[in-house]
Amino acid sequence: FPAAPQPAPKRRRSSVAETIVSRRLSGTLEVEADKVAVVVSTPEDVALMLGVSAAKEEEDDDEDEETDAGEDAKETRKALKKMDYVLGELVKTEVDYVAKLKIIVKGFLPRMDGARVPTMLEGKKEQIFANIEEIYNFHKVFVNDLEQYQHNPQQACMCFIREEKSFWIYFLYCKNKSRSQKVLDDYGGDFFDEIRRELKLPLSLGSYLLEPVQRMMRYQMLLKELVKYAERARLDCASDLQAAVNAMLRVPKTANDALHFNLLEGFQETIDERKMLTQEPFLVWPSKPGDKLKKKGQEMHVFLHEDMVIFCRKDGGDGKVEKNAGKEVLRYVFKNRLLTSAMGLVENYRQSVHHAPDKLKFAVTFGGSTVNTQQFVLQPIGSDVRKPEEVKKFWVDEIRALLQRQLDVAREMQKINLGDKKLTLHPLKKEKAEAEASPLARPMSKTFSLSSLAGSES
């Protein structure tokens, strides 16, 4: 019997997702769109087909751009609206802050001069209130400036930049804060509670006296929010706002460092605390350059001052935490200090030339020669606020800037001593003189026994 006719095989249609052009046979080109086969016979038809497709893609791109532009405009409006809200919050909280300062100055302060003051509180007015009246007098004027520019972020931030020096009044206040709180805890409870009841106040004097410290933190937070939204809205004032943030960061940072330094016991020297650059807990390895470090460093708290580096132990380093009324009392016990006039910096510490640099460790050196050089390797412990990498970068930048300032001063003094005369030196002698002027090559004026960070000057 003759074979039954076989049905013609079904032609497989190429998917557009795979390719527009599936194949070209004998001058014909098959394409598929929306599941409808279209046969294009000539190159002109192919060009037309592809042209239509390209035009469609351009049209889609234009629609995407319009959509993106619409989204950008929406985000800008949203950012501007939030900026306005933050500015309003800044002014509103400033008004509230001035009202609280007024309660202290007009309510509590005058009663310290009355006849009802307990004997143990006599003469302690300044210890308790510090320069709170000076802060109040400043802010009752400053609030008017902020209100004037409530809807102008650039001018509002300029208020902070112009008044940066005025904000240093907080340094003295924060420095005194722990002493103020101690006097209140020891002697002022009943007396000031009675005043609070008379004035029908919701908060205790201690809470009101904490307001200036909290206010500095609030400035920092609100100004950072303004920077964030100004950048999202692509405003030109974003850089000015960042400058205002930096100004407010410097004041509370130094005030906070002073607050910690005020808890330092056993340090007998007098220094300008406004020159305190920073402070942080570290793991410290005292050593000589090239020495192998012990596995575990000593946990120390380190203060970086313009003139010296101060090492101390938190809570005496004895593992015991002092408590007062059931609360832990933070304190530091002085161990040693090193002069920055003899300090050098190793930004990325490595155990030897055969080891890779440690990402977390850096070192400070003291001494003018390899034989006498003392080295202290530091590794940040970090905290919930800042990661160890951030702490290291901040300290390295601060120390580098400090050494550069010292070098600039030395060069200026050299010009003065030479009567500003230009010397003609042989190139090799000039290079040697510049090397000796470097902070890394200065001899120490005093030698310290530092192997245990507990030695005395020799």
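Let's start with Cys 312, which counts as buried at 0% relative accessibility. Here buried means under 20% relative accessible area, exposed means over 50%, and partly exposed is in between, using a 1.4 Å probe and protein chains only. Before I go on, please keep in mind that this is a predicted model, where local features need pLDDT of at least 70, side-chain atom pairs count only at pLDDT 80 or more, and totals for chains, interfaces and linings use all residues. Residues are numbered from 1 along each chain as its sequence is written, and side-chain values use heavy atoms, with hydrogens and water left out.

Staying with cysteines, Cys 159 is buried too, with a relative accessible area of 1%. So how far is its sulfur from the closest cysteine sulfur? The distance is 8.2 Å, to Cys 157, and that is too far for a bond. A disulfide is a pair of cysteine sulfur atoms within 2.5 Å, and by this rule the count is 0 disulfides.

Now to salt bridges. As you know, side chains of opposite charge can pair when their charged atoms come close. The rule used here asks for a side-chain nitrogen of Lys or Arg within 4 Å of a carboxyl oxygen of Asp or Glu. Searching the whole structure turns up 19 salt bridges.

Let me show you a few of them. In one, Lys 92 pairs with Asp 96, with 3.5 Å between the closest N and O atoms. These two residues are separated by about one helical turn, because they sit 4 residues apart in helix 1. Helices (H or I, at least four residues) and strands (E, at least two) are DSSP runs, numbered from the N terminus. Asp 96 is partly exposed, at 36% relative accessible area.

Next come Arg 331 and Glu 265, whose side chains meet in a salt bridge at 3.0 Å, N to O. This pair links distant parts of the chain, 66 residues apart: Arg 331 is in the loop between strand 9 (327-328) and strand 10 (332-339), and Glu 265 is in strand 4 (residues 264-265). Arg 331 is buried, with a relative accessible area of 18%, while Glu 265 is partly exposed at 39%.

Glu 269 and Arg 337 also form a salt bridge, their closest N and O atoms being 2.9 Å apart. They too link distant parts of the chain, 68 residues apart, with Glu 269 in the loop between strand 4 and strand 5 (276-287) and Arg 337 in strand 10. Is Arg 337 buried or exposed? Arg 337 is buried, at 6% relative accessibility, and Glu 269 is partly exposed, at 36%. There is also a network: Arg 111, Arg 116, Glu 194 and Glu 198 are joined by salt bridges that share partners.

Finally, the surface. Patches are made of residues with over 30% relative accessible area and no salt bridge; nonpolar side chains (Val, Leu, Ile, Met, Phe, Trp, Tyr) are joined within 5 Å, and like charges within 9 Å. Areas come from the Shrake-Rupley method with a 1.4 Å probe, and for residues, only the protein chains shown count as cover. Val 409, Met 413 and Ile 416 make a nonpolar surface patch with about 300 Å² of accessible area together. Ile 416 lies in helix 8 (residues 388-417) and counts as exposed, at 60% relative accessibility.
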